[in-house]
Amino acid sequence: MKRHGDERIDWPTAGDWAWFCQLAKQEGWQVPTGEPALYCRLAGGRALVLRRGDQPVGLVTLLLHEHSGWIGNLLVAPAWRGQGCGGRLFRQAVRLARQAGIRRLWLTASHQGQPLYQRLGFEPVAGMLRWQGRGLAQQSTDALPALAANDSQSLTPLLAADRQVWGEDRQQLLAALAPTGLLVQQPADPPAPAQLALLQPVAAGVWLLGPWLNSGAPTSAPQQLEPLLTAARQRLPASALLLADLVQPAPPLCAELARCGQLTQGVNILMGQNVAGLPAAGLIALASLGSCG
């Protein structure tokens, strides 16, 4: 795709993805087992690998929605850091977005990565908090619930709330995540749940709650989070770890979340380019662990 000396940026192979997942694990990243396939399967999915000779040294992903894109998973091998590899990969991802007519870009950044993104025109938008806790169901710890049996459940309320929050159609992403997940609503009975979330598997024994949306009033901030969080935890055995990447919850909600599990502050920040601040206040948690929105 793009070459400079013995360095080139190309589409990743299955071997490159295996290399990335191993490196991400060493860095302490939680990469969903199905994420590499997601970028290969979705029409808006892109992934780029930077090679030196035949050796992969970095990878980045890009997911294009209707009017915006998400850049994620930027990771460079330790031996090659500090040499501009990440910047070159990132700029190529931005070029691909521009070629597709996308100007509004999002990402989540660690404090270490934030200066790079700011030099490339991204601005901080909101703080991110990661919540983690355990399941509450009295089930055997040998197996997780068979949530895939619920994949026929209509996603219409979730898609509608997501569109109101983000102002665009993100159906390709949500429809890809839904078949192995479960739609959690609070109150549980339709037709008008106040909150909606997708409970989706990340890895063996690990689940993600997201997207999590204030569906009753998508442009308003939620008043409480514990009821839906408890409903999701009741679907999982006590051995299961549940995660949620929350977008700048108000202090009273942080106190509520801390009562239900562990809340880690200041790990990542939501950043954007050509964005007018936060999406609607009805956004509670992202649909991914920061990689695709």
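P187 sits in the loop that runs between β8 (182–186) and β9 (195–203), and the peptide bond joining Q186 to P187 is cis, with omega of about -5°. The model is a predicted one, in which local features need pLDDT of at least 70 and side-chain atom pairs count only at pLDDT 80 or more, while totals for chains, interfaces and linings use all residues. Residues are numbered from 1 along each chain as its sequence is written, and side-chain values use heavy atoms, with hydrogens and water left out. The protein chain has eight helices and 13 strands, where helices (H or I, at least four residues) and strands (E, at least two) are DSSP runs numbered from the N terminus.

**Whole chain**

- Of the 293 residues in the protein chain, 54% count as buried; buried means under 20% relative accessible area, exposed means over 50%, and partly exposed lies in between, with a 1.4 Å probe and protein chains only.
- Among the contacts in the protein chain with a separation of 6 or more, 73% come from residues 24 or more positions apart, a contact being heavy atoms within 4.5 Å.

**Backbone features**

- Most residues other than glycine have a negative phi, and most peptide bonds are trans.
- A cis peptide bond also joins G210 and P211, with omega of about 0°, and P211 is placed in strand β10 (residues 206–213).
- N73, which is not a glycine, has a positive phi near 60°; N73 belongs to strand β5 (residues 68–76) and is buried, at a relative accessible area of 11%.
- Q248, likewise not a glycine, has a positive phi of about 45°; Q248 is found in the loop between β11 (241–247) and α8 and is partly exposed, with a relative accessible area of 45%.

**Helix α3**

- Helix α3 (residues 85–99) has 15 residues and reaches 21 Å from its first C-alpha to its last, close to the expected 21 Å, where the expected span is 1.5 Å times one less than the number of residues.
- The buried residues of α3 include C85, G86, G87, L89 and F90, and Q92, A93, V94, L96 and A97 are buried in α3 as well.
- After α3 comes G101, whose phi is positive, near 85°.

**Helices α7 and α8**

- The axes of helix α7 (residues 226–233) and helix α8 (residues 251–260) come within 10 Å and cross at roughly 25°, the axes being lines fitted to C-alpha atoms over the stretch in contact, with angles running from 0 to 180 degrees between N-to-C directions.
- That angle makes α7 roughly parallel to α8, since angles under 35 degrees count as roughly parallel, over 145 as roughly antiparallel, 65 to 115 as roughly perpendicular and the rest as oblique.
- On α7 the contact is made by E226, P227, L229 and R233, and on α8 by E256, L257, R259 and C260.
- These contact residues divide into four nonpolar, no polar and four charged, with Ala, Val, Leu, Ile, Met, Phe, Trp, Tyr, Cys and Pro counted as nonpolar, Asp, Glu, Lys and Arg as charged, and the others, Gly among them, as polar.

**A43 and Q172**

- A43 is placed in the loop between α2 (35–41) and β3 (45–52), where A43 is exposed, with a relative accessible area of 71%.
- The C-alpha atoms of A43 and Q172 are separated by 7.9 Å, although the two residues are 129 residues apart along the chain.
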